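Subject: Structure handover

Hello,

Read them with the coordinates open.

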Amino acid sequence: MSAEFTASPESPATAPQEEKRGAFDSFNDMLVRIGRAVGGVVGILYQAGRDSIETIIRNILPFMAFISVIVGIINKTGAGDALAHVITPLASSLPGLLGISIFCAIPVLSPILGPGAVIAQIIGVLLGTRIAAGDIHPQYALPALFAIDPQVGCDFIPVGLALGEAEPETVEIGVPAVLFSRLLTGPLSVVLAWLASFGLYQSS
Amino acid sequence: MPFVTAVHVLGSVATPDVQPPTGVMGALAKAAQAFISTFQEGATFFTGLLVGIVPLLIVLLTAVNALVRLIGQERVEKLGIAASRPGIIWYPVRYLVLPFVAVFLFTNPMAYTVGMFLPERFKPAFYDSAVSFVHPITGLFPHANSGELFVYLGVAAGISKLGLPLGDLAVRYLLVGLVVILIRGIVTEFITKALMARRTRSDEAEAVAA
């Protein structure tokens with residue numbers, strides 16, 4: 001749609017009238033320039049809208065559908081209550097959250113738990129339902145978000161490094177470096193988030 | 001008028017003496033009811049998400065996508081070159097500013113391509129730092145990782161069901177995320193350095209032995 005605006009005012013069609021340039025032509029130029037700028041911005045906004053709708057349809061709605069089925073099954077079969085007995089005590093104390101984060105950060109497990117963050121997302125939704133039910137204090141939402149996520153991207157290290165045009169030797173070193181780093185920084189992130197969660201949703 | 005009375009009559013007749021099904025058919029009917037209600041529960045959850053989250057997401061995604069197009073992704077190269085300088089003041093640029101800009105402008109999988117502007121020894125740490133930021137950023141800027149929103153949204157749904165505001169949680173998630181990626185970058189860079197030194201030492205030992 002921006003094709004009309006890309007034609008420059010000095011295109012072959014207007015060139016013969018070059019000698020008659022006057023006030024009208026400079027006014028015309030200005031109109032063209034404004035038109036092009038507005039068209040550009042509108043085009044960008046329109047394209048952004050198109051992108052966002054495509055993202056919703058491609059990425060977000062399918063995952064919502066998937067999560068809804070899981071939640072329906074978990075809530076109705078009573079598996080939710082069984083899981084709640086396991087998750088609630090773990091997720092509502094600092095040692096429990098540290099346990100979850102260390103488990104997720106174990107170098108052998110982290111690449112298995114990683115793909116698509118599916119496991120982290122399911123646990124996130126489960127924790128959400130427990131918070132809504134009042135079993136977990138809302139303050140613990142923040143450290144819990146970090147406790148369920150030390151494995152983020154651990155399945156993707158070789159691909160991620162290849163995207164950054166890393167040499168094969170760097171990939172060989174990078175994979176264990178990231179995995180071992182998580183073992184330290186995973187629990188550390190939970191402690192930091194726990195400290196940062198004071199004053200969050202405190203009732204006065 | 002006759003229509004209304006017909007409905008009225010139908011209503012009064014339909015409600016009372018319906019026997020609940022018994023025997024084999026009763027068991028089957030009960031199973032069918034349980035089967036359907038499982039998915040009705042899921043459908044209610046889905047409607048909640050659709051009405052509560054999707055409209056905001058569409059508007060927010062559109063605004064941020066437009067902003068990203070206006071800023072342009074080309075400018076990241078200069079920042080990447082600045083971030084690869086040695087010295088302690090460049091750590092926050094390398095593992096805090098650069099991952100933030102990369103994830104914000106390039107979004108989830110393509111953000112890691114920004115690592116190409118850094119020397120080899122920083123690449124694993126940059127990847128670690130950038131990938132650790134793809135969930136904390138979704139609280140405020142869901143466009144950056146639209147495929148994995150439910151780590152945050154799942155927990156946030158519980159908070160909003162309690163009637164509490166989400167702003168505080170989203171901002172703290174983002175800020176703690178920034179601190180965590182900085183620490184993660186520094187730690188991973190240190191481990192990478194140690195592993196690389198060990199690699200060259202063992203290579204030298206092999207060369208001597210051969």
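**Notes on the structure**

Ser68(A) sits in helix 2 of chain A; helices (H or I, at least four residues) and strands (E, at least two) are DSSP runs, numbered from the N terminus. This is a predicted model, in which local features need pLDDT of at least 70 and side-chain atom pairs count only at pLDDT 80 or more, while totals for chains, interfaces and linings use all residues. Residues are numbered from 1 along each chain as its sequence is written, and chains are lettered from A and ligands numbered from 1 in the order in which they are written.

Ser68(A) counts as buried because it has 22 C-beta neighbours inside 10 Å. The cut-offs are 20 or more other C-beta atoms within 10 Å for buried, 12 or fewer for exposed, and in between for partly exposed, with C-beta atoms placed from the backbone. Leaving out residues up to four places away in sequence, Ser68(A) touches Gly42(B), Ala43(B), Phe45(B) and Phe46(B); two residues are in contact if their C-beta atoms, placed from the backbone, lie within 7 Å. Within chain A, Ser68(A) and Val125(A) are 57 residues apart along the chain, and their C-alpha atoms are separated by 9.9 Å.

**Chain A and its interface**

Chain A has nine helices and zero strands. Of its 204 residues, 35% count as buried. Among contacts in chain A with a separation of 6 or more, 78% are between residues 24 or more positions apart.

In the interface, 68 residues of chain A are in contact with 64 residues of chain B. On the chain A side, helix 2 (23–77), helix 6, helix 7 (141–147), helix 8 (157–163) and helix 9 (168–196) each supply at least two residues. Helix 2 of chain A gives the most, with 22 residues. By class, the side of chain A that touches chain B has 42 nonpolar, 20 polar and six charged residues. Here Ala, Val, Leu, Ile, Met, Phe, Trp, Tyr, Cys and Pro count as nonpolar, Asp, Glu, Lys and Arg as charged, and the others, Gly among them, as polar.

Glu165(A) is in the loop between helix 8 and helix 9 of chain A. Its phi is positive, about 55°, although it is not a glycine. Glu165(A) is partly exposed, with 15 other C-beta atoms within 10 Å.

Helix 2 of chain B (residues 23–52) has 30 residues and should span 44 Å at 1.5 Å a residue; its end C-alpha atoms are 43 Å apart, which agrees. The expected span is 1.5 Å times one less than the number of residues. Helix 2 of chain B is hardly covered, with three buried residues among its 30. These are Gly42(B), Phe45(B) and Leu49(B), and they pack against helix 2 of chain A.

Helix 7 of chain B, by contrast, is mostly covered, with 10 of its 12 residues buried. The cover includes helix 2, helix 6 and helix 7 of chain A together with helix 8 of chain B. From first to last C-alpha, helix 7 of chain B reaches 15 Å, close to the 16 Å expected. Gly163(B), with a positive phi near 80°, follows this helix.

How do helix 6 of chain A and helix 7 of chain B pack, by angle and axis distance? Helix 6 (residues 118–133) of chain A and helix 7 (residues 150–161) of chain B pack at about 5°, with their axes 7 Å apart. Axes are lines fitted to C-alpha atoms, for helices over the stretch in contact, and angles run from 0 to 180 degrees between N-to-C directions. The pair is therefore roughly parallel, a term for angles under 35 degrees. The residues of this contact divide into 12 nonpolar, six polar and two charged.

**Core and a buried loop residue**

The largest nonpolar core has 90 residues, and Ala144(A) and Leu145(A) have the most contacts inside it. Such a core is a set of buried Ala, Val, Leu, Ile, Met, Phe, Trp, Tyr and Cys residues joined through C-beta atoms within 7 Å. Its largest share, nine residues, comes from helix 8 (residues 167–209) of chain B. Beyond four places in sequence, Ala144(A) touches Ala91(A), Leu97(A), Leu127(A) and Val155(B).

Ser132(B) lies in the loop between helix 6 (123–131) and helix 7 of chain B. Ser132(B) is buried, with 31 other C-beta atoms within 10 Å.

Regards

Conventions: Parallel < 35°, antiparallel > 145°, perpendicular 65-115°, else oblique.
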